[in-house]
Each structure stands twice: as structure tokens, then as C-alpha cells.
There are 2 protein chains.
Amino acid sequence: MAYVNIQYETMKKFSNHVFSKFGFTDDESKIITDVLLMSDMFGIESHGVQRMVRYYNTIKNGRLHMDSKLEIIHETPISAVIDNNSGMGQLVGHYAMSKAIEKAKTSGVGFVSVRNSNHYGIAGYYAKMACDEGLIGISTTNSEAIMVPTYGRMAMLGSNPIAISMPAEPYDFLFDASTTVVTRGKVEVYNKKGEPLPEGWTLNAAGHNSTDAADILKNINEKNGGGILPLGGSTEKLGGHKGYGYGMIAEIFSSILSMGLTSNHTNIGSTGGTCHSFIAINPNLFGDPESIKAHFSSYLEELRQSPKADGQTRIYTHGEKEIEAYAVRLKEGIPVNENTIKEMKEICSEYEIDMESFLGKLDI
Amino acid sequence: MAYVNIQYETMKKFSNHVFSKFGFTDDESKIITDVLLMSDMFGIESHGVQRMVRYYNTIKNGRLHMDSKLEIIHETPISAVIDNNSGMGQLVGHYAMSKAIEKAKTSGVGFVSVRNSNHYGIAGYYAKMACDEGLIGISTTNSEAIMVPTYGRMAMLGSNPIAISMPAEPYDFLFDASTTVVTRGKVEVYNKKGEPLPEGWTLNAAGHNSTDAADILKNINEKNGGGILPLGGSTEKLGGHKGYGYGMIAEIFSSILSMGLTSNHTNIGSTGGTCHSFIAINPNLFGDPESIKAHFSSYLEELRQSPKADGQTRIYTHGEKEIEAYAVRLKEGIPVNENTIKEMKEICSEYEIDMESFLGKLDI
């Protein structure tokens with residue numbers, strides 16, 4: 001698949017403009033763009049601007065209500081429940097984590113659970129928001145059901161990522177991962193390439209291991225059964241029940257505490273209903289934040305410097321690859337694939353946006 | 001390996017007596033016994049009374065100080081840091097989770113991080129303590145380094161379990177799992193049987209996949225390199241970096257926030273230094289606890305009732321197997337293996353305990 005590189009600032013202006021054409025205010029468009037571009041800059045193409053068309057589709061299929069206003073259902077000095085009333089995930093995400101951060105600064109902890117939302121981009125964005133303020137940040141979300149519980153054959157949990165970020169030198173710690181073996185995005189990449197999936201990623205409709213990407217994606221979309229395995233695979237031998245358990249943590253924090261829809265009930269027809277959680281923890285609850293940060297940084301350095309397996313040259317700590325990807329993309333631009341460009345052209349055509357005036361003449 | 005079944009009440013009296021002979025008070029011995037026997041009753045033999053000899057050894061090798069007193073280093077209405085001053089893990093665990101529960105009842109959340117402790121048994125015991133009070137309970141611990149980070153060949157993290165428990169009907173939710181593929185106990189079982197390990201569990205000293213249980217255990221003990229893989233295996237293809245990430249969460253909550261020793265520095269020579277965390281969250285932070293519990297119970301029932309994979313008859317929710325094991329053992333007794341009986345005999349001989357007067361004449 002062909003790629004073209006687009007500079008960060010160029011893509012930012014374009015994305016801001018597209019989302020404002022969808023009907024978001026300038027400030028809202030900037031938040032949405034910031035979440036999407038952080039994913040691209042971190043090298044996570046699946047959750048970046050290539051999702052523009054999906055948000056467009058979510059407006060069209062009625063899951064995303066452009067005129068909705070979020071509502072605070074319950075609030076204490078250290079917690080809140082918010083109903084997003086089918087609004088945009090990135091907007092409630094930014095609002096809810098800002099609220100969690102405020103509470104953590106004032107009261108030590110902030111834990112906000114959100115219901116009735118839509119896809120909010122990378123969980124790590126929100127965890128990082130807290131980390132940038134010197135706090136420990138945690139975020140989880142549920143999503144359309146794709147994870148099959150151990151010994152099942154029907155997807156009952158989402159990709160259900162858990163992200164956590166904590167200040168450290170020279171890189172902040174940022175761990176952000178789905179609790180499935182892989183995300184649907186990776187299965188889509190194999191499908192586009194027409195290659196068989198690696199063993200251990202997915203189950204077919206009968207609950208057997210499968211390497212047929214097209215069949216898996218069709219079954220997930222049509223709710224025929226099958227889906228993606230929890231981290232640890234299809235049996236307890238390699239710990240599949242553990243990935244299923246981590247997926248449950250994301251579900252508890254996101255959909256259970258907020259009294260929202262669990263993954264198996266979200267994103268069906270015109271029902272969205274995705275749920276999220278946002279937690280900020282002030283390290284001053286435990287002593288001197290600077291000493292804690294120094295202690296953590298020293299351990300992370302020990303990990304990176306520890307002996308490598310034969311044939312390996314580096315051990316990464318979580319967040320390091322993203323920092324490096326960011327630096328490369330800031331210099332060389334964000335690689336955008338030809339399908340994404342094609343989808344952007346269609347959106348621009350509908351909204352009468354002069355794409356070339358933003359992105360130039362693209363050699364693709 | 002031969003097993004003999006011993007009734008719960010019988011084993012309780014015996015264990016209380018042994019720990020009091022080690023030098024613990026009656027109340028302390030009861031707490032320690034309660035933690036160990038819950039593991040046995042839940043069917044987790046590795047963390048039950050078979051560990052009696054290990055605690056004995058920890059006293060002998062100087063890692064466990066019988067005369068130590070725990071010390072509160074830092075405290076707020078929602079948090080605390082405790083230095084266990086090389087005391088028994090179960091005792092500080094029970095104390096710290098009780099404190100977290102008290103804080104969660106008064107202030108909504110309690111988060112206690114503990115340093116300079118020793119092995120505390122199953123993490124799930126402490127999570128369940130909070131759940132039994134209607135709260136969400138979370139506990140983590142680090143341990144002697146056995147987990148090799150992705151692309152490494154030296155164990156730098158412990159088995160680092162994360163346990164979480166939350167009230168539900170008809171079974172409370174209780175997820176308790178190491179963040180490694182398996183615990184060291186499982187590798188020990190294969191070693192005792194002289195069977196090769198399943199593929200994907202361990203790495204040898206050079207960082208290559210290995211199935212040689214004896215070699216792995218020797219290398220862990222002698223710090224030669226190698227160890228057990230994070231959940232997800234040795235590469236990023238099946239998500240090994242994710243298991244490594246979950247292990248880091250346990251490390252952050254346990255050893256980083258408490259300014260304690262990270263796993264790679266614990267349990268060396270006469271240094272213990274294990275660290276734990278105990279979190280209790282009051283569901284009333286988010287609304288009506290009974291409604292949240294009913295919502296959760298309904299989702300758990302949907303999971304159990306969802307379609308099974310071909311050849312499978314049940315989908316479990318976390319904690320269900322433990323409840324069933326408990327009922328069986330309450331009726332049939334706790335299966336104790338011949339090696340454990342042998343070790344108990346040696347301990348009884350040293351402390352002049354009449355084992356037969358407690359356990360009867362054992363047919364083993």
C-alpha cells in the first residue's frame with residue numbers, strides 16, 4: 001500500500017477544518033484533531049486521521065449526535081459520572097480527564113466514569129494528560145464487542161484498552177494496550193494485504209482458532225460469532241483467562257460504574273453507547289513526588305540497561321517507542337496511506353473542502 | 001504424587017499452632033492461617049499451607065524479622081505508606097487493607113502502598129476483604145524477580161499479580177492472576193514430575209525459549225538469567241509487551257509509590273523487601289451501590305450464558321471456580337501432597353509439636 005508523508009502542522013490545519021465542517025466548534029475540532037494526531041505522531045496509524053471517515057460514518061448512522069450536551073449525573077470531590085448523551089468521545093474524554101486532574105490536584109484522586117459516548121481515540125492520550133500535570137493518569141474504555149471470553153464463541157467484551165502514564169526521566173512512562181491479543185485494526189491490515197493471520201489471534205464463528213482475516217471481520221460486523229482472543233489466547237494454558245480478566249477491569253471502570261452499556265450492547269444499529277473511565281492520582285498522596293519520580297526513573301533505566309536476549313539490542317520501557325516515533329514524524333511528516341487519502345477526498349467532496357489548498361498536490 | 005485430604009477445621013487448628021510456635025501471637029497466627037487456607041480452599045495449592053516451610057525458611061535466612069513492628073510513613077484521609085520493617089506479609093496485608101477499607105468507607109477511596117515486607121500469600125485475599133465490605137478491592141505485590149522484560153534475558157520483575165474483586169450476585173467477581181504467563185509454582189510442578197514445560201512459558205539464560213523446568217528454576221535461584229515470560233510471550237506478536245506492562249502497574253503501585261525495593265532488588269540473601277498495594281473504592285462514589293451491583297451481576301450472567309465454543313460446556317466468570325472449589329473442599333477436605341506433609345513433619349520435629357494429635361495418623 002502506497003503512503004505519502006504529510007507534515008504535522010499541515011495535517012493539523014486540514015483536520016481542524018474538516019471537523020469544523022462536520023459541525024464542531026473551532027475549539028472542539030482542535031481537541032479532536034489533537035487526539036487523532038497524537039496517535040499518528042506516536043506511530044499508531046489505526047487510531048489517527050485514518051479514522052476521520054469512521055467518525056463521519058458515526059454521524060451518518062446516528063450513533064454520534066452532533067447537538068448533544070454532556071451531563072454530570074453524579075459528583076463528589078473525588079469522583080463523577082458523566083452521561084455523554086451520544087456525543088463525541090474525544091470531547092467528553094478531554095473534559096472528564098480535566099475534571100479528574102482538577103480533583104486529583106485538590107483532593108488527591110479523581111475518578112470519572114462516562115457512559116453513552118462514542119469512540120474516543122487512543123486511551124493513552126488521556127492518561128498522558130494527567131502525566132503532563134505531574135500525576136499518574138489512567139484511562140480505560142469499552143468498545144464494540146470483539147473479544148471472545150475464554151471457552152466462548154461470541155464476542156462479549158471490546159478491545160477494552162487500559163492506559164497508564166506516570167512521570168519519569170528522560171521519558172514519561174506510558175503504557176497503552178488493548179486487553180485483546182491485537183486490535184481489530186491489525187486484523188484489517190492483514191485482510192487488506194490478503195495474508196493469513198498469525199496463529200493465536202482470532203476465533204471463527206464456531207469458536208475454533210482461525211487465520212482467515214476476512215471471515216473474522218465479517219463475523220464481527222454481522223455478530224455471527226467468533227472474534228479476537230483475549231491476551232493469552234484461547235485457553236488457560238497461556239493465560240487467556242487473564243486477558244479476559246484485564247478486559248473485565250476496563251468494563252468495570254467504564255460501563256459498570258457509570259451504569260452504561262457493556263460492550264456486547266454497544267455500537268449496534270443507531271446505538272452507540274461506548275463507555276470510558278478517567279483516573280488521576282496525585283503522587284503527593286504517598287510522599288514527595290520528585291523523590292518518587294527519581295526512584296521510578298532509576299528503575300526504568302535499570303530495565304533498559306538490563307542484559308538483552310541473544311540477537312536483541314534494546315529493551316524498551318513503555319512510551320519510549322512513541323517518543324521516538326514522534327520525533328521522526330515531526331521531521332519527516334506523518335505517513336498517510338492511499339486509502340485514507342481516498343476517503344478524505346470523498347469527505348472533502350461532500351463538504352466542498354478544497355483539499356489541495358490544505359495538503360498540496362499529493363503524489364499518490 | 002500422593003495426596004491426603006485434611007479437613008478445613010483440622011488444618012486451621014494445626015496451622016494456628018505452628019505459626020504460634022514460630023513466635024507469632026495467637027491473633028497473628030489466625031490471620032496468617034486464614035490467608036493460607038483461603039488459597040487452599042480456593043484450589044490454589046501453591047499459595048496455601050504448602051508454603052509453611054517457605055515462611056519457616058524466611059525466618060531462618062533472616063528476611064523475616066519476627067520482632068519487627070510496622071510503621072506508618074505517610075498518611076492522608078485517602079492514602080498511606082507503610083514500612084513493614086521486614087515483618088510478615090500477611091500481617092501488614094491485613095492491616096493495610098483494613099486501613100484502606102476504613103478510608104474508603106469514610107472518604108470514598110483508600111490507597112495504601114507498603115514497602116519492606118515479605119511474601120503475603122494470594123493477592124485475592126486482600127481484594128476480597130474489601131469486596132466483603134461492599135467495596136471494590138484491588139491488591140498488587142511485587143516479588144523475587146522471575147519475569148523477563150520483552151527482548152531481555154534477565155528477570156527484572158516479579159510474578160507481580162494484580163487482584164480485583166467487586167460485589168456481584170450470585171458470586172462476587174474475583175480476578176487474581178500473576179502478570180507472567182504462569183507462576184513459578186507451575187514450573188515447579190513440571191520439574192517435580194520431570195516433564196518438559198509447555199512452549200511459551202519460559203526463557204533460558206541466553207534469552208531463548210526453553211522447556212527445561214530444572215534449568216529455569218536453577219537459573220532463577222542463581223540469578224543466571226532467563227526466567228518466566230510475561231503474559232503474551234516472548235515477542236510483541238502475541239502481546240508480550242502487554243504482560244510486561246501489567247507487571248509494571250503492579251510494580252508502580254507496590255514498590256514505586258512506597259519508595260521500596262523493585263523486584264530485581266528483593267529477596268537476595270538476607271534482604272526481603274517485597275512491596276504491596278491495597279486499594280478500596282466505594283461504589284457510592286458513582287451512584288447507588290445496589291443498582292451498580294445489579295447491573296454488574298446482569299452482565300456477568302450474560303457472559304456465563306453466552307454461546308460456548310465447540311466442545312466447551314461452560315464459560316466462567318472470575319471467582320466462580322474458586323467458590324466451587326471452596327464448597328468441594330469444605331466437604332471433602334483440603335488435598336495436601338506428600339512433600340508438604342514431609343516438610344510439616346520436619347517443622348514439627350524442630351518445634352516439638354505432636355503433629356498426630358492435630359492431624360491424626362496420616363495414610364501417606
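**A helix pair in chain B**

I started with two helices of chain B: α4 (residues 89-107) and α5 (residues 123-131) pack with their axes 10 Å apart, at an angle of about 30°. I reminded myself that this is a predicted model. Angles under 35 degrees count as roughly parallel, so I put α4(B) and α5(B) down as roughly parallel to each other. I also noted that their crossing is right-handed.

Next I asked which residues of α4(B) and α5(B) meet. From α4(B) I listed B:G93, B:M97, B:A100 and B:I101, and from α5(B) came B:Y126, B:M129 and B:A130. Sorting the residues of this contact gave me 6 nonpolar, 1 polar and no charged.

**Chain A as a whole**

Then I turned to chain A and counted 12 helices and 12 strands. I looked up its extent too: the C-alpha trace spans about 55 × 50 × 50 Å along its principal axes. Of the contacts between residues at least 6 apart in sequence, 64% join residues at least 24 apart.

**A closer look at A:F42**

Is A:F42 buried or exposed? I found 24 other C-beta atoms within 10 Å, and 20 or more is the cut-off, so A:F42 is buried. This residue sits in the loop between α2 (26-41) and α3 (52-60) of chain A. Beyond its neighbours within four places in sequence, A:F42 is in contact with A:E322, A:A325 and A:Y326.

Technical notes. Residues numbered from 1 in each chain as written. Chains lettered and ligands numbered in written order. Predicted model: local features only at pLDDT ≥ 70, side-chain atom pairs only at ≥ 80, totals over all residues. Helix = DSSP H or I, 4+ residues; strand = E, 2+ residues; numbered from the N terminus. Contact = placed C-beta atoms within 7 Å. Buried ≥ 20, exposed ≤ 12 C-beta atoms within 10 Å, placed from the backbone. Axes fitted to C-alpha atoms, helices over the stretch in contact; angles between N-to-C directions. Parallel < 35°, antiparallel > 145°, perpendicular 65-115°, else oblique. Left-handed = near helix turned anticlockwise from the far one by under 90°. Nonpolar A, V, L, I, M, F, W, Y, C, P; charged D, E, K, R; others polar.
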